[in-house]
Amino acid sequence: MGENIIELVNLTKKYGDFTAVDALNLSVKKGEVFGLLGPNGAGKSTTILMLLGLTEPTSGSVRVCDINPVTNPIEVKKRVGYLPEDVGFYYQMTGWENLMFTARLNSLTGSESAARVDSLLERVGLQDARNKKTGQYSRGMLQRLGLAEVLIKNPEVIILDEPTLGIDPTGVVELLQLIVRLSKEGEITVLFSSHHLHQVQEVCDRVGIFVGGKLIAEGNLQELSQKLFTGSPFVIEAGVLFDNINYDNKSPEEWLFEILKKIDGIIAVKPCSNGFNIECLRDATTEIARAIVESGAGLNYLNKKEYGLDEIYYRYFEGGKNHE
Amino acid sequence: MNNHEGEAGSSVGKMSGKSRNIFSRFKGPAFYKADNRVIHPFNVIVQKEISDQVRSWRFIILVVIISLTCLGSMYTALANIKSAIKPNDPEGTFLFLKIFTVSDGIMPSFVVFIGFLGPLLGISLGFDTINSEQNERTLSRILSQPIHRDYLLNAKFVAALTVISVMFFALGLLVIGFGLITVGIPPTPDEFLRIIFFIIISIVYVAFWLNLSIFFSVIFRQPATSALSGIAIWLFFSVFYSMIVDLIMKGMVPQGLATENQIINFEMLRLNLLKLSPSELFSDATTTLLMPGVRSLGPLSMIQIIGTIPGPLPFGQSLLLVWPQITGLIAGTIICFILSYIFFMRKEIRSR
């Protein structure tokens with residue numbers, strides 16, 4: 001642990017005038033589950049292709065397992081398993097035959113290949129479908145077969161590009177659990193790209209947010225919300241009853257702000273669907289509660305808001321648009 | 001290991017031990033076998049591709065078409081072989097070669113058939129080489145395995161070429177066998193060599209079209225587009241090209257008082273233009289090899305002809321005569337391969 005297994009420094013990829021990946025700096029530690037989060041076309045797949053040496057970076061450096069994939073792609077591909085977005089198999093071959101083909105491409109002997117393929121098929125729960133042609137597999141089965149294929153080479157790192165795309169919700173849960181179990185069991189580093197927030201939230205140790213080819217923020221969920229919401233790191237949702245209150249021709253939120261502004265660290269009060277969002281620099285829940293009660297208004301509830309990836313995501317896309 | 005043995009035998013069913021062993025040989029490429037060998041990844045791809053080609057419907061259909069035409073042309077050749085031999089024919093001693101070249105005027109000869117169907121074979125074996133991998137989304141998966149990128153292209157080419165070579169040698173040797181039975185005269189070593197070289201040239205010719213269609217499969221995403229482009233070029237060379245050359249040359253016909261040199265130059269230019277077409281190169285090369293009486297592929301002046309005794313050329317001389325054609329065909333093949341190689345290596349590997 002602690003050692004960086006993927007290290008990107010100032011990585012840039014341009015297609016003509018279009019910059020797909022823009023001066024990206026990123027490092028992933030050994031044994032970590034790292035989530036790349038971003039909308040379609042943010043440069044996630046391009047970054048992954050560069051990690052594998054399938055695309056050459058325009059500038060900057062990539063190191064995977066301390067190897068440069070630009071000059072030595074074979075060594076990288078021996079250690080890194082890659083599950084492409086929307087993976088396909090040779091439909092005229094069975095699942096077993098497809099995996100056998102991959103195993104032999106990895107220079108395993110016949111008996112090693114057969115043993116490993118059998119155990120992996122069992123691990124991903126496809127042993128009953130092993131002699132079925134992959135043309136008849138469902139989307140989720142293909143995805144699981146893809147995961148088995150990735151593990152054939154006993155990788156140090158696995159890279160999954162949108163692994164949950166097109167699978168039904170139960171399938172997604174199963175697949176995610178499988179990924180986590182694998183990474184914990186085998187100490188495998190997992191890089192996982194997605195635009196589904198909840199899945200990333202569930203599985204990943206750390207998350208990097210990608211917009212327009214740039215990594216806007218990285219860290220675990222707590223660090224991310226701190227980084228992204230520097231202006232107002234704490235938001236407290238309040239439900240207030242205004243019976244018998246004289247507003248003095250003010251709007252309710254202005255009135256509430258008047259009352260709360262004496263408290264140190266209060267920045268703003270904004271109306272929201274259920275009540276008000278009180279933005280403040282520190283955790284001032286108790287003072288807020290006291291102030292509201294003393295003012296004579298009724299306090300329905302106070303709720304310290306945790307930022308989920310949803311908020312982070314929308315916040316960022318709004319931010320991204322504002323910059324343009 | 002035991003698991004796999006059971007798996008391999010499962011569809012064979014309850015066969016006796018011996019026949020099961022024979023059948024398991026046809027169960028698929030060697031890399032399915034649970035032995036203790038490490039097969040080089042390149043050979044693994046070649047094995048898989050050959051097995052795919054041979055089991056595909058398209059290949060079976062092509063084999064049926066080609067075998068039928070082969071049988072047909074052989075039948076007419078054998079029926080007409082008696083009338084084909086004339087007294088004082090310099091090629092009279094090469095009775096065996098007649099099986100490949102004689103026709104009754106209705107059914108084309110074996111050589112003409114191969115010249116016509118060979119391109120179709122090459123195009124249909126290659127037109128979806130790379131784009132089908134991309135459309136089935138297997139390309140990025142295969143290329144993320146520890147193999148060099150060019151392995152895929154090279155292995156596919158080698159596999160298709162192997163399939164073609166085996167098929168042509170089988171066909172050629174079968175024709176020899178049938179001829180042997182019906183005619184009853186064994187081929188001389190000279191004839192045998194000529195036939196072998198004819199088969200090799202046919203393979204090179206088909207390899208040219210194969211590479212051309214592989215090239216199209218690299219640059220066109222849709223297999224239909226790439227197949228059509230290949231067929232268009234094939235039609236252009238086999239139907240329209242000679243017409244276009246004739247049209248151009250008509251405007252340049254030397255006038256009545258032209259010198260001998262002018263006429264020879266004109267004729268040479270026409271022939272050289274025609275030689276840009278691979279089908280022309282192929283038919284030149286094969287007819288010369290299979291008709292030992294052919295002494296020159298260009299115009300001969302009276303001085304060159306006077307005093308010659310009509311007689312067949314020895315094999316070495318015939319080969320020397322068509323060496324430029326063979327070189328041209330091989331060069332065309334290599335150019336097409338290099339083009340597809342360059343385009344493939346620069347291709348952006350996306351999962352879609």
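Residues are numbered from 1 along each chain as its sequence is written, and chains are lettered from A, with ligands numbered from 1, in the order in which they are written. In this predicted model, local features need pLDDT of at least 70 and side-chain atom pairs count only at pLDDT 80 or more, while totals for chains, interfaces and linings use all residues.

**View 1. The three-stranded sheet of chain A.**
The open sheet has 3 strands in the order β2-β1-β4 (chain A), with antiparallel pairing. Strands here are DSSP runs of E with at least two residues, helices are runs of H or I with at least four residues, and both are numbered from the N terminus. Two strands pair if DSSP finds at least two bridges between them. β2 (18–29) and β4 (59–64) of chain A each have a single partner strand and stand at the edges, so one side of each lacks a neighbour in the sheet. From one strand to the next the twist averages 15 degrees. Strand β1 (residues 4–15) of chain A is joined to β2(A) by 8 bridges, the two running antiparallel. One bridge of β2(A) places K29(A) as the partner of N4(A).

Strand β6 (residues 157–161) of chain A runs parallel to strand β7 (residues 189–194) of chain A, and 5 bridges join them. T189(A) in β7(A) stands opposite V157(A). Axes are lines fitted to C-alpha atoms, for helices over the stretch in contact, and angles between N-to-C directions run from 0 to 180 degrees.

Strand β10 (residues 234–241) of chain A is joined by 5 bridges to strand β12 (residues 276–280) of chain A, and the two run antiparallel. C280(A) in β12(A) is the bridge partner of F234(A). β10(A) also pairs in the antiparallel sense with strand β13 (residues 298–304) of chain A, over 6 bridges. In β13(A), G298(A) stands opposite L241(A). Chain A is assigned domain 1 (4–227) and domain 2 (230–306), with bounds from an automatic or database domain assignment. The centres of these two domains of chain A, taken over C-alpha atoms, are separated by 45 Å.

**View 2. Helices α6 and α9 of chain B.**
Helix α6 (residues 110–126) and helix α9 (residues 149–183) of chain B pack at an angle of about 155 degrees, their axes 11 Å apart. α6(B) and α9(B) are therefore roughly antiparallel (over 145 degrees; under 35 counts as roughly parallel, 65 to 115 as roughly perpendicular and the rest as oblique). Their crossing is right-handed (the near helix is turned clockwise from the far one by less than a right angle). F110(B), L121(B), L125(B) and G126(B) in α6(B) meet A160(B), V163(B), I164(B) and V175(B) in α9(B); residues are in contact if their C-beta atoms, placed from the backbone, lie within 7 Å. The residues of this contact comprise 7 nonpolar, 1 polar and no charged. Ala, Val, Leu, Ile, Met, Phe, Trp, Tyr, Cys and Pro count as nonpolar, Asp, Glu, Lys and Arg as charged, and the others, Gly among them, as polar.

**View 3. Helices α11 and α12 of chain B.**
Helix α11 (residues 223–250) and helix α12 (residues 260–274) of chain B cross at roughly 155 degrees, and their axes come within 10 Å. This makes α11(B) roughly antiparallel to α12(B). The crossing of α11(B) past α12(B) is right-handed. S242(B), V245(B) and M249(B) in α11(B) meet R270(B), L273(B) and L274(B) in α12(B). By class, the contact has 4 nonpolar, 1 polar and 1 charged residues.

**View 4. The contact between chains A and B.**
Chain B gives 32 residues to the contact and chain A gives 33 residues. On the side of chain B, α1 (2–10), α3 (41–55) and α8 (139–143) each supply at least two residues. α3(B) has the largest share of that side, 4 residues. The side of chain B that touches chain A has 12 nonpolar, 9 polar and 11 charged residues.

Notes
Two residues are in contact if their C-beta atoms, placed from the backbone, lie within 7 Å.
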